[in-house]
Amino acid sequence: VEKLLHMVSDGELSLAETITDNDERIHLIGSFTGKLTVGFLTIESSGERDLFVVSWSKEGDLLNLQRIGGAGDEVATSASYSNGAIILGGYFSDSFDYGNSRHVSGGGTDGFVLSISALNFNEVNWFMPLTGTADEFVRSLAAGSDGSLFFAGSFEGTSSLGTVKVVSRGWSDAIVGKLKSD
(Lines give C-alpha, C1' and ligand atoms only; values in the text may rest on other atoms or scores of the structure.)
Protein backbone atom coordinates (compact mmCIF):
# COMPACT_ATOMS: atom_id res chain seq x y z
CA VAL A 1 0.00 0.00 0.00
CA GLU A 2 1.52 3.30 -1.08
CA LYS A 3 -1.15 5.67 0.31
CA LEU A 4 -4.22 5.09 2.43
CA LEU A 5 -7.35 7.20 2.91
CA HIS A 6 -9.00 6.71 6.29
CA MET A 7 -12.64 7.77 6.55
CA VAL A 8 -14.23 8.01 10.01
CA SER A 9 -17.95 8.42 10.74
CA ASP A 10 -19.62 8.58 14.13
CA GLY A 11 -22.76 7.24 12.40
CA GLU A 12 -23.52 5.12 9.36
CA LEU A 13 -21.09 5.12 6.40
CA SER A 14 -21.88 3.49 3.05
CA LEU A 15 -19.66 3.57 -0.04
CA ALA A 16 -21.37 3.48 -3.44
CA GLU A 17 -18.87 4.12 -6.24
CA THR A 18 -15.34 5.25 -7.12
CA ILE A 19 -14.80 7.09 -10.40
CA THR A 20 -11.97 9.01 -12.06
CA ASP A 21 -12.17 12.11 -14.23
CA ASN A 22 -10.12 13.24 -17.25
CA ASP A 23 -7.47 14.77 -14.97
CA GLU A 24 -7.13 11.46 -13.11
CA ARG A 25 -8.66 12.84 -9.91
CA ILE A 26 -10.36 10.10 -7.91
CA HIS A 27 -13.90 10.69 -6.60
CA LEU A 28 -15.50 8.44 -3.99
CA ILE A 29 -19.26 8.71 -3.58
CA GLY A 30 -21.37 7.39 -0.73
CA SER A 31 -23.82 8.19 2.06
CA PHE A 32 -23.39 8.89 5.76
CA THR A 33 -25.05 10.01 8.99
CA GLY A 34 -23.56 12.14 11.77
CA LYS A 35 -20.06 13.49 11.27
CA LEU A 36 -17.71 12.24 8.56
CA THR A 37 -14.00 13.01 8.77
CA VAL A 38 -11.55 12.37 5.95
CA GLY A 39 -8.02 13.55 6.70
CA PHE A 40 -8.24 17.19 7.78
CA LEU A 41 -11.80 17.70 6.42
CA THR A 42 -15.05 17.13 8.36
CA ILE A 43 -18.70 17.40 7.29
CA GLU A 44 -21.94 16.73 9.17
CA SER A 45 -25.21 15.37 7.83
CA SER A 46 -28.09 17.83 7.94
CA GLY A 47 -30.88 15.31 8.31
CA GLU A 48 -30.94 11.58 8.04
CA ARG A 49 -28.46 10.10 5.54
CA ASP A 50 -26.74 12.57 3.20
CA LEU A 51 -24.57 12.00 0.14
CA PHE A 52 -20.87 12.78 0.13
CA VAL A 53 -18.22 13.19 -2.54
CA VAL A 54 -14.57 13.04 -1.53
CA SER A 55 -11.82 13.68 -4.08
CA TRP A 56 -8.08 13.27 -4.16
CA SER A 57 -5.35 13.71 -6.76
CA LYS A 58 -3.67 10.88 -8.62
CA GLU A 59 -0.72 11.47 -6.26
CA GLY A 60 -3.01 10.70 -3.31
CA ASP A 61 -3.46 14.26 -1.97
CA LEU A 62 -6.88 14.98 -0.43
CA LEU A 63 -8.63 17.71 -2.44
CA ASN A 64 -12.25 18.07 -1.35
CA LEU A 65 -15.05 16.65 0.79
CA GLN A 66 -18.62 17.79 0.13
CA ARG A 67 -21.98 16.96 1.73
CA ILE A 68 -25.04 16.87 -0.54
CA GLY A 69 -28.51 16.69 0.96
CA GLY A 70 -31.23 18.27 3.01
CA ALA A 71 -33.45 17.40 5.94
CA GLY A 72 -34.60 14.05 4.51
CA ASP A 73 -32.81 10.89 3.52
CA GLU A 74 -30.49 11.06 0.46
CA VAL A 75 -28.65 7.90 -0.55
CA ALA A 76 -26.07 7.44 -3.32
CA THR A 77 -26.23 4.17 -5.23
CA SER A 78 -24.10 4.91 -8.30
CA ALA A 79 -21.95 7.48 -10.06
CA SER A 80 -20.35 8.12 -13.41
CA TYR A 81 -18.17 10.79 -15.04
CA SER A 82 -19.09 12.53 -18.30
CA ASN A 83 -17.92 15.75 -19.99
CA GLY A 84 -16.53 17.47 -16.87
CA ALA A 85 -19.40 16.40 -14.63
CA ILE A 86 -19.89 13.88 -11.86
CA ILE A 87 -23.25 12.21 -12.35
CA LEU A 88 -24.82 10.79 -9.19
CA GLY A 89 -27.72 8.36 -8.95
CA GLY A 90 -29.68 7.32 -5.92
CA TYR A 91 -32.86 7.96 -3.99
CA PHE A 92 -34.32 10.34 -1.43
CA SER A 93 -37.29 10.70 0.90
CA ASP A 94 -39.01 13.84 2.17
CA SER A 95 -37.11 16.37 0.05
CA PHE A 96 -33.91 16.87 -1.93
CA ASP A 97 -32.30 20.27 -1.48
CA TYR A 98 -28.88 21.09 -2.91
CA GLY A 99 -27.67 24.14 -4.80
CA ASN A 100 -30.48 25.33 -7.05
CA SER A 101 -32.19 21.90 -6.98
CA ARG A 102 -35.16 21.55 -4.68
CA HIS A 103 -37.64 18.73 -4.97
CA VAL A 104 -40.26 17.31 -2.61
CA SER A 105 -40.84 13.56 -2.73
CA GLY A 106 -44.05 12.51 -4.46
CA GLY A 107 -44.62 9.86 -1.80
CA GLY A 108 -42.44 7.15 -0.37
CA THR A 109 -38.94 7.24 -1.82
CA ASP A 110 -38.04 8.97 -5.10
CA GLY A 111 -35.05 8.25 -7.32
CA PHE A 112 -32.80 10.88 -8.86
CA VAL A 113 -29.98 11.61 -11.27
CA LEU A 114 -27.87 14.66 -10.36
CA SER A 115 -25.08 16.28 -12.39
CA ILE A 116 -22.49 18.42 -10.57
CA SER A 117 -19.26 19.99 -11.79
CA ALA A 118 -16.19 17.82 -11.17
CA LEU A 119 -14.25 21.01 -10.34
CA ASN A 120 -16.83 22.72 -8.13
CA PHE A 121 -19.20 20.37 -6.30
CA ASN A 122 -21.46 23.32 -5.40
CA GLU A 123 -22.21 23.86 -9.09
CA VAL A 124 -25.33 21.88 -10.01
CA ASN A 125 -25.65 21.30 -13.77
CA TRP A 126 -29.03 19.61 -13.58
CA PHE A 127 -31.27 17.41 -11.42
CA MET A 128 -33.80 14.87 -12.67
CA PRO A 129 -36.13 13.10 -10.21
CA LEU A 130 -37.82 9.75 -10.77
CA THR A 131 -41.06 10.43 -8.92
CA GLY A 132 -44.35 8.72 -8.20
CA THR A 133 -46.82 7.79 -5.53
CA ALA A 134 -44.86 4.82 -4.15
CA ASP A 135 -41.14 3.95 -4.16
CA GLU A 136 -38.70 4.73 -6.99
CA PHE A 137 -34.95 4.09 -7.04
CA VAL A 138 -32.09 4.85 -9.44
CA ARG A 139 -29.68 1.95 -8.96
CA SER A 140 -27.10 2.23 -11.74
CA LEU A 141 -25.57 4.78 -14.14
CA ALA A 142 -23.25 4.47 -17.12
CA ALA A 143 -21.80 7.12 -19.44
CA GLY A 144 -21.16 6.34 -23.09
CA SER A 145 -18.00 7.46 -24.86
CA ASP A 146 -20.12 10.02 -26.75
CA GLY A 147 -21.37 11.60 -23.49
CA SER A 148 -24.70 9.79 -23.49
CA LEU A 149 -25.99 8.71 -20.08
CA PHE A 150 -27.86 5.51 -19.24
CA PHE A 151 -29.65 4.67 -16.00
CA ALA A 152 -31.41 1.67 -14.44
CA GLY A 153 -33.77 1.59 -11.51
CA SER A 154 -37.02 0.31 -10.12
CA PHE A 155 -40.46 1.74 -9.41
CA GLU A 156 -43.91 0.90 -8.05
CA GLY A 157 -47.27 2.27 -9.19
CA THR A 158 -47.23 5.22 -11.59
CA SER A 159 -43.92 7.05 -11.95
CA SER A 160 -42.39 9.72 -14.13
CA LEU A 161 -38.91 10.77 -15.17
CA GLY A 162 -39.05 14.12 -16.91
CA THR A 163 -41.96 13.95 -19.35
CA VAL A 164 -42.02 10.12 -19.54
CA LYS A 165 -44.64 8.30 -17.43
CA VAL A 166 -44.60 4.57 -16.71
CA VAL A 167 -47.11 2.33 -14.91
CA SER A 168 -45.99 -0.71 -12.97
CA ARG A 169 -47.54 -4.02 -14.04
CA GLY A 170 -46.14 -5.96 -11.11
CA TRP A 171 -45.24 -5.25 -7.50
CA SER A 172 -41.99 -3.53 -8.49
CA ASP A 173 -40.91 -3.07 -12.10
CA ALA A 174 -37.50 -2.18 -13.55
CA ILE A 175 -36.83 0.81 -15.74
CA VAL A 176 -33.82 1.31 -17.99
CA GLY A 177 -33.31 4.38 -20.14
CA LYS A 178 -31.07 6.81 -21.95
CA LEU A 179 -31.19 10.45 -20.86
CA LYS A 180 -31.24 13.22 -23.45
CA SER A 181 -27.91 14.97 -23.79
CA ASP A 182 -29.42 18.48 -24.04
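A nonpolar core is a set of buried Ala, Val, Leu, Ile, Met, Phe, Trp, Tyr and Cys residues joined through side-chain atoms within 4.5 Å. Buried stands for a relative accessible area under 20%, exposed for over 50%, and partly exposed for values in between, with a 1.4 Å probe and protein chains only.

## Model and confidence

This is a predicted model, in which local features need pLDDT of at least 70 and side-chain atom pairs count only at pLDDT 80 or more, while totals for chains, interfaces and linings use all residues. Residues are numbered from 1 along each chain as its sequence is written, and side-chain values use heavy atoms, with hydrogens and water left out.

The predictor's confidence in each residue is given as pLDDT, from 0 to 100. The chain has a mean pLDDT of 91, and 99% of its residues reach 70 or more. Helices (H or I, at least four residues) and strands (E, at least two) are DSSP runs, numbered from the N terminus. Among the elements of the chain, the highest mean pLDDT, 97, belongs to strand E4 (residues 35-38), and the lowest, 88, to strand E14 (residues 158-161).

## The largest nonpolar core

The largest nonpolar core has 20 residues, of which Ile68, Leu88, Phe96, Leu114 and Ile116 touch the most other members. Strands E6 (50-56), E8 (73-82), E9 (85-98), E10 (101-117) and E11 (124-132) each give two or more residues to this core. The largest share, 5 residues, comes from E9.

What does Leu88 touch? Leaving out residues up to four places away in sequence, the contacts of Leu88 (heavy atoms within 4.5 Å) include Ile29, Leu51, Val53, Ile68, Phe112 and Leu141. Ser78 is also among them.

## Salt bridges

A salt bridge is a side-chain nitrogen of Lys or Arg within 4 Å of a carboxyl oxygen of Asp or Glu. The structure holds 6 of them. Three residues, Glu12, Arg49 and Asp73, are linked in a network of salt bridges. Glu12 and Arg49 meet at 3.8 Å, N to O. This pair links distant parts of the chain, 37 residues apart: Glu12 lies in the loop between strands E1 (7-9) and E2 (13-20), and Arg49 in the loop between strand E5 (41-44) and E6. The closest N and O atoms of Arg49 and Asp73 are 2.7 Å apart. Asp73 is in strand E8, 24 residues from Arg49. Asp73 counts as buried, at 10% relative accessibility, whereas Glu12 is partly exposed, at 39%.

Another salt bridge joins the side chains of Asp97 and Arg102 (3.3 Å, N to O). Asp97 is partly exposed, with a relative accessible area of 34%, and Arg102 counts as exposed, at 59%.
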